[in-house]
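Below is a short briefing on one model. The points are grouped by topic.

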Amino acid sequence: MGCGSSTAVSSTKQVEVTDDKHPRASELSEEEAGHRTAPPRLSTQGSTRSIGRKSLFSAKRTSSLVQIRHEGYVLQSEFTRDDPVPNGEEFCPIKATTVRLPELPPKPEETFAASHVDLSELTWDLDLFSKPVDWTINACLAMFHSLPSFGISNETMIKFLLTVRSNYRGNPFHNWLHAFSVMHAAWMIATDEHVRSLLTDLDVLGILVAAVCHDLDHPGVNNDFLEKTSHALAGMYPKPVLENHHWALTKRIIVETCNLTGGMSEEDRQELLDIVHMAIMAT
């Protein structure tokens, strides 16, 4: 989050909300993105409340209503989520849980393949920052393909991974590379011979899915901040807010967007979802 100036400015940038795309940090100028090290300070001048220019927040008072927009979410203050927001649209939690769909290459299975990565590269000494971003998709495929398929086609797994990558924001930390790093570490541990003997194939699949999805759509702030600022997410989920949000998006992507479990038996499907849910909530 930005550590904006403590002095209010006369104009602030309104971050527009769309149904299918949230603004990313990479789409903002360097000045607008600022330094995300502390919550912005809110100050009041007359009937308008505004926040420092370097913050990603902007807020303005319309009569007794404070309208705040933050990275694709409509935040609320002094009104309930059932009240209409100033632009006439109903406040709808779907804006915060809509899955962002990736732009698929013309021939995904030629662009992405497990065979493009040798599993011997996936060691504790892996220098992730020296790899191109698409390499991480191939590496994920290689890790998943080291397990039985459970009826998941290569095409479906590619779509799943590209969708997951598209639903991480451009945060300094809670981003796609973090998700990959956690999945890589989970795979290293789960496939250790002493650990692997204690786990079923479905256990490992669930652990890997949970690892790569565990911070989906993370807004870059913690639960305490969301609750104290009456963030839209805090009004949508029980505590812990973020973990419930990550799980909600994960389940939607698995079940609805990609049908990752379409080739599984009902018993395996439910067990996989239970493992993923338990693992994400434990983060």
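**Briefing: a predicted model**

P240 sits in the loop between helix 10 (232-236) and helix 11 (241-257). Most peptide bonds are trans, and most residues other than glycine have a negative phi.

**Confidence**

- The chain has a mean pLDDT of 75, and 66% of its residues reach 70 or more.
- Residues 1-96 have a pLDDT below 50. Leaving out near neighbours in sequence, this stretch still makes 191 contacts in the model.

**Packing of helix 4 and helix 6**

- Helix 4 (residues 133-145) packs with helix 6 (residues 176-190) at an angle of about 30°, and the two axes are 11 Å apart.
- Angles under 35 degrees count as roughly parallel, so helix 4 is roughly parallel to helix 6.
- The crossing of helix 4 past helix 6 is left-handed.
- On the helix 4 side, the contact is made by V133, W135, T136, I137, A139, C140, M143 and F144. Helix 6 contributes W176, L177, F180, M183, H184 and W187.
- Sorted by class, this contact of helix 4 with helix 6 comprises 12 nonpolar and 2 polar residues, with no charged ones.

**Loop residues with positive phi**

- F150 is not a glycine, yet its phi is positive, at about 55°. F150 is found in the loop between helix 4 and helix 5 (154-166).
- The relative accessibility of F150 is 18%, and buried means under 20%, so F150 counts as buried.
- N259, also a residue other than glycine, has a positive phi near 50°. The loop that holds N259 runs between helix 11 and helix 12 (266-281).
- N259 has a relative accessible area of 44%, which means that N259 is partly exposed.

**A buried arginine**

- R100 belongs to the loop between helix 2 (94-97) and helix 3 (108-111).
- With a relative accessible area of 4%, R100 is buried.
- R100 and Y168 are 68 residues apart along the chain, and their C-alpha atoms are separated by 9.3 Å.

Terms used:
Residues are numbered from 1 along each chain as its sequence is written. This is a predicted model: local features need pLDDT of at least 70, side-chain atom pairs count only at pLDDT 80 or more; totals for chains, interfaces and linings use all residues. Side-chain values use heavy atoms; hydrogens and water are left out. Axes are lines fitted to C-alpha atoms, for helices over the stretch in contact, and angles run from 0 to 180 degrees between N-to-C directions. Helices (H or I, at least four residues) and strands (E, at least two) are DSSP runs, numbered from the N terminus. Angles under 35 degrees count as roughly parallel, over 145 as roughly antiparallel, 65 to 115 as roughly perpendicular and the rest as oblique. A crossing is left-handed if the near helix is turned anticlockwise from the far one by less than a right angle, and right-handed if clockwise. Contact means heavy atoms within 4.5 Å. Ala, Val, Leu, Ile, Met, Phe, Trp, Tyr, Cys and Pro count as nonpolar, Asp, Glu, Lys and Arg as charged, and the others, Gly among them, as polar. pLDDT is the predictor's confidence in each residue, from 0 to 100. Buried means under 20% relative accessible area, exposed over 50%, partly exposed in between (1.4 Å probe, protein chains only).
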